There are 2 protein chains.
Amino acid sequence: MAKTEIDRLTQLLSRLPGLGPRSARRAVLFLMKKRESLMLPLAKAMTDAAASIVNCPTCGNLDTENPCAICQSPKRDHSKICVVEEVGDLWALERSGAFKGLYHVLGGTLSALDGRGPAQLNVNQLLDRAGETHVQEIILALSATVDGQTTGHYLTECLTGYEVDVSKLAHGVPVGGSLDYLDDGTLTAALKARRPTN
Amino acid sequence: MAKTEIDRLTQLLSRLPGLGPRSARRAVLFLMKKRESLMLPLAKAMTDAAASIVNCPTCGNLDTENPCAICQSPKRDHSKICVVEEVGDLWALERSGAFKGLYHVLGGTLSALDGRGPAQLNVNQLLDRAGETHVQEIILALSATVDGQTTGHYLTECLTGYEVDVSKLAHGVPVGGSLDYLDDGTLTAALKARRPTN
């Protein structure tokens, strides 16, 4: 077997999240069968993406434009900033179409275990933006995990004194979720946050 | 968002086996974080592999050499040919280290449902090789599925009249397998093929 090329490709592919050594081998065989239609276009798409995509210096989003299309857009509500952990969370919110303001990507959460403090996150840039006069609301869209909530508390404290409203996502029953399968924490939160049916 | 580059990369990655749209998005974000260490090397590895790796005209294996390293090797037993469905099966046998002969990749199985007849498989090349004087045994290492076994029967018939022994893999209890979880077919086969314990 061609130890060099095939093994190197398998080894690199197996580093992708969701692919282990076995599925990487399957992917390599699949790619070798579709050289012209998939393998070369994929190689080119990666080279192009690596060359053209940058992190927006304002919000941290990935885009070919600088600043990114969201930060540039006059159609977005520039008075609201939604704080997310990662670019993937920003994409998820964009897919939902529920938010028309701007974003701020923290780059993770505070984590004592992994040794990530405020200096490792884009906290200062957020405070700078919170100080701008047109910004009225900061929405914390962080994970409902211990680290996510700790980060939320920390940011809320940092933002005291700034003339902005700070809000966070509601906890409750997921749409489509059955009560039977929900954990106690979510049920308690949903019950506490109950609303009149009008 | 940069619809063009990121979406194109996501769409191409999601065509790999084992990656759906969601895991492709995760993979793209992972790649964007590791541009120099993973994304560009991966693109290069793909371009290199596409350019340098060919199917061996004799056995169908993938290699940079032509004929492939296995067919060329004087250390392999050239009197035995192991017939497999796909290159992945050849790799699996090579990893086991249990076989030191040559291979022949059929390129699939006969399948009435998918309209694959003998003309779509490398059957004629196998018969040509079976006719060579130094070949003594053809081992059919095909899947224990209906299509695999049909293909095995067909090849056995084709090879009648050639001066070669035709054998196939044993059926039985997988090593590490518990009887409790085995299907009836495997249990029946293992019982029928029982051997003295000496």
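Reader: In what order do the four strands of the open sheet in chain B stand, and is the pairing parallel or antiparallel?

Author: In this predicted model, the four strands of chain B follow the order 4-3-5-6 in an open sheet, and the pairing is parallel. From one strand to the next, the twist averages 25 degrees.

Reader: What makes strand 4 and strand 6 of chain B the edge strands?

Author: Strand 4 and strand 6 (165-168) of chain B each pair on one side only.

Reader: How do you know that strand 3 and strand 4 of chain B pair?

Author: Pairing requires at least two bridges between two strands, and five bridges join strand 3 (residues 77-84) of chain B to strand 4 of chain B, so the two count as paired. Within this parallel arrangement, Asp77(B) stands opposite Gly101(B) in strand 4 of chain B.

Reader: Which helices of chain B pack on the sheet, and which strands do they touch?

Author: Helix 5 (residues 87-96) of chain B touches strand 3 and strand 4 of chain B, and its direction makes about 160 degrees with that of strand 4 of chain B. Helix 7 (residues 146-159) of chain B also packs on the sheet, where it touches strand 3, strand 5 (137-140) and strand 6 of chain B, with its direction at about 165 degrees to that of strand 5 of chain B.

Reader: Why is Gly117(B) called partly exposed?

Author: Buried means under 20% relative accessible area and exposed means over 50%; Gly117(B) has 21%, so it falls in between and is called partly exposed. Gly117(B) lies in the loop between strand 4 (101-105) and helix 6 (123-130) of chain B.

Definitions and conventions. Residues are numbered from 1 along each chain as its sequence is written. Chains are lettered from A and ligands numbered from 1 in the order in which they are written. This is a predicted model: local features need pLDDT of at least 70, side-chain atom pairs count only at pLDDT 80 or more; totals for chains, interfaces and linings use all residues. Side-chain values use heavy atoms; hydrogens and water are left out. Buried means under 20% relative accessible area, exposed over 50%, partly exposed in between (1.4 Å probe, protein chains only). Axes are lines fitted to C-alpha atoms, for helices over the stretch in contact, and angles run from 0 to 180 degrees between N-to-C directions. Contact means heavy atoms within 4.5 Å.
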